Amino acid sequence: KSFTNLKLFETSPTSKSIACSSSYIATTFLSSGRILVLPTDISSYDSKNIPPTIAAHAGQVSDLSFSPHFPNLLATGGDECVKLWTIPNGGLKEDISSCSSEIKGLPNQVHSLMYHPFVGSLMCIGCKNGLVVGDIEQGKSIFSFENTSYGKDV
């Protein structure tokens, strides 16, 4: 079996366009800052309807990552911020545009996200000019490392 009637568009080669948990598959959708979330159980997918999406960011989503601790928590990066989305049990039934929490004011464009393997709310955020460690559930940066010589010979 396979998912059908989905119109996915190419994304930038610098962005990660898919993430999986034990319950869901998430992918960037329409190159518009939207995320499509599909069930891993294909029997619960309705190919006759346009699936609901998450309106994650105003610009392109640069990375997305499911929590290794909670399969319904999805983090997305873009627009100099990281947002946490809670996927309802049973999947998306309607579009979502309000995130559960957000880390704003990151030093530059978000390139990558990675959850801590043991601490559920801790996340490493790779930005163009450095690295930020943040608590995604609290919506705050804990500390950052900035590369002030970005683009220069060191």
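Trainee: Why is aspartate 79 called partly exposed?
Mentor: This is a predicted model, and in it aspartate 79 has a relative accessibility of 39%. Buried means under 20% and exposed means over 50%, so with its 39% aspartate 79 counts as partly exposed.

Trainee: Where is aspartate 79 placed?
Mentor: Look in the loop between S6 and strand S7, which covers 81-86. Glutamate 80 is found in the loop between S6 and S7 too.

Trainee: What makes the phi of aspartate 79 worth a look?
Mentor: Most residues other than glycine have a negative phi. Aspartate 79 is not a glycine, yet its phi is positive, about 55 degrees. Glutamate 80 also has a positive phi, near 55 degrees, and is a residue other than glycine.

Trainee: Why does glutamate 80 count as partly exposed?
Mentor: The relative accessibility of glutamate 80 is 42%. The label covers values between the 20% and 50% limits, so glutamate 80 is partly exposed.

Trainee: What makes S5 and S6 a pair of strands?
Mentor: Pairing takes at least two bridges. Four bridges join S5 to strand S6, residues 73-78, so the two strands pair. They run antiparallel, and a hairpin of six residues joins S5 to S6. Serine 65, for instance, has alanine 75 in S6 as its bridge partner.

Trainee: Which way do the residues of S5 point?
Mentor: Asp63 and Ser65 point one way, while Leu64 and Phe66 point the other way. All four of these are buried.

Trainee: Which residues touch the most other members of the largest nonpolar core?
Mentor: That core has 15 residues, and Ile35, Val37, Ile54 and Leu74 touch the most other members. Strands S2 (24-29), S3 (34-39) and S5 (63-66) each give two or more residues to this core. A second, separate core of 14 residues includes Ala75, Ile103, Cys127 and Val132.

Trainee: What does leucine 74 touch?
Mentor: Leaving out residues up to four places away in sequence, its contacts include Ala26, Ile35, Val37, Ile54, Leu64 and Phe66. Trp85 and Tyr115 are also among them.

Trainee: How do you know that cysteine 99 is partly exposed?
Mentor: Its relative accessibility is 27%. Since buried means under 20% and exposed means over 50%, cysteine 99 falls in between and counts as partly exposed. Cysteine 99 is found in the loop between S7 and strand S8, residues 101-103.

Trainee: Which residues does cysteine 99 touch?
Mentor: Not counting residues up to four places away in sequence, cysteine 99 touches Lys83, Leu84 and Trp85. The C-alpha atoms of cysteine 99 and tryptophan 85 are separated by 5.0 Å, although the two residues are 14 apart along the chain.

Notes:
Residues are numbered from 1 along each chain as its sequence is written. This is a predicted model: local features need pLDDT of at least 70, side-chain atom pairs count only at pLDDT 80 or more; totals for chains, interfaces and linings use all residues. Side-chain values use heavy atoms; hydrogens and water are left out. A nonpolar core is a set of buried Ala, Val, Leu, Ile, Met, Phe, Trp, Tyr and Cys residues joined through side-chain atoms within 4.5 Å. Buried means under 20% relative accessible area, exposed over 50%, partly exposed in between (1.4 Å probe, protein chains only). Contact means heavy atoms within 4.5 Å.
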